[in-house]
Amino acid sequence: MAFVRSVVHMAWMLVTVIPWGIIMCVASIWRRGEPLYWMAERWLGWAIGGARVILGIRTRVTGMENLPQEQRAGAVLLVKHQSTLETFLMPTLMPHPLAYVFKKELIYVPFFGWAMARLDMIHIDRSQRAQAFNKVVKQGRALLAQGIWIIMFPEGTRIPRGQQGTYKSGGTRLAVETGAPVIPIAVTSAKVWPRKAFVKRPGVVDVSIGPAISSVGREPVELMREVEAWIEAEMRRLDPEAYR
């Protein structure tokens, strides 16, 4: 039954993303910025809604009160990365538009990538690390000034349930450069949507949003250690079975 549900959900996403990607590309001719972003967020809401109805995946969110409340306040979200689910989920939860930092190859994915290319995101060439980070800072500073939050996955790739990746300091370097606070976020998505798995399982995904951490006067590596310590301790609290 889980396999059948997964097939139906995949079909739902494919059937909806193709027309929506075309609509996004056409709409981008005269619409940009936040209006276009919220159009994209609507499809992500359909994907998450489909996961709830078809797959039986529900989300339980705590810590929304830890997010900055000012309309133009900037923030750098640093999120535990276990599956594709959180990349779809985060924009549906956050009150501000989000800008993902991702490898530029993704913009060539038909329909989905084409739509992403029209949004205010930061796509980088990972083979040119110095130039890539300079681009992240330049674009990130401009986006943060508009009240757009930057979201990054410090482990860099999806990590299997119960494991801990290497936390890279790019996100905290950006925060220190711009003065934006850091928001650590723990997500237990691999319980229901494992890394690289086609078959998904019903269940509850916990999303825990930690207190904002000031980046002013901090060293990026030391700040990332604090972020890592909070996320990993929270992961063990939320999903203790995975870390036995």
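1. Burial is assigned by relative accessible area: buried means under 20%, exposed over 50%, and partly exposed in between (1.4 Å probe, protein chains only). At 41% relative accessibility, Ala212 therefore counts as partly exposed. Ala212 sits in the loop that joins strand 7 (203-209) to helix 7 (220-238). Helices (H or I, at least four residues) and strands (E, at least two) are DSSP runs, numbered from the N terminus. Ala212 is 45 residues from Tyr167 in sequence, and their C-alpha atoms are 18 Å apart in space.

2. The model is predicted: local features need pLDDT of at least 70, side-chain atom pairs count only at pLDDT 80 or more, and totals for chains, interfaces and linings use all residues. Residues are numbered from 1 along each chain as its sequence is written, and side-chain values use heavy atoms, with hydrogens and water left out.

3. Ser189 is buried, with a relative accessible area of 0%.

4. Helix 3 (residues 85-93) packs with helix 2 (residues 33-55) at an angle of about 125 degrees, the axes being 8 Å apart. Helix 2 is therefore oblique to helix 3. Axes are lines fitted to C-alpha atoms, for helices over the stretch in contact, and angles run from 0 to 180 degrees between N-to-C directions. Angles under 35 degrees count as roughly parallel, over 145 as roughly antiparallel, 65 to 115 as roughly perpendicular and the rest as oblique.

5. Helix 3 is mostly covered, with seven of its nine residues buried. The buried residues are Leu85, Glu86, Phe88, Leu89, Met90, Pro91 and Leu93.

6. The whole structure contains eight salt bridges, a salt bridge being a side-chain nitrogen of Lys or Arg within 4 Å of a carboxyl oxygen of Asp or Glu. One of them joins the side chains of Lys80 and Glu155 (2.8 Å, N to O). Lys80 is in the loop between strand 2 (76-79) and helix 3, and Glu155 in the loop between strand 5 (149-152) and helix 6 (170-178), so the pair ties together parts that are 75 residues apart in sequence. Lys80 is buried at 0% relative accessibility, and Glu155 is buried with a relative accessible area of 3%. Lys80 and Glu155 also belong to a network of salt bridges with Glu232 and Arg236.

7. Two further salt bridges deserve mention. Glu234 and Arg237 pair through their side chains (2.7 Å, N to O); both lie in helix 7, three residues apart, about one turn of the helix. Glu234 is buried, with a relative accessible area of 10%, whereas Arg237 counts as exposed at 54%. The side chains of Arg218 and Glu226 also meet in a salt bridge (2.6 Å, N to O), and Glu226 is partly exposed at 34% relative accessibility.

8. Met1, Phe3, Val4, Val7, Val8 and Phe198 make a nonpolar surface patch of about 580 Å². Patches are made of residues with over 30% relative accessible area and no salt bridge: like charges are joined within 9 Å, nonpolar side chains (Val, Leu, Ile, Met, Phe, Trp, Tyr) within 5 Å. Accessible areas come from the Shrake-Rupley method with a 1.4 Å probe; for residues, only the protein chains shown count as cover. Val7 lies in helix 1 (residues 2-27) and is partly exposed at 36% relative accessibility.
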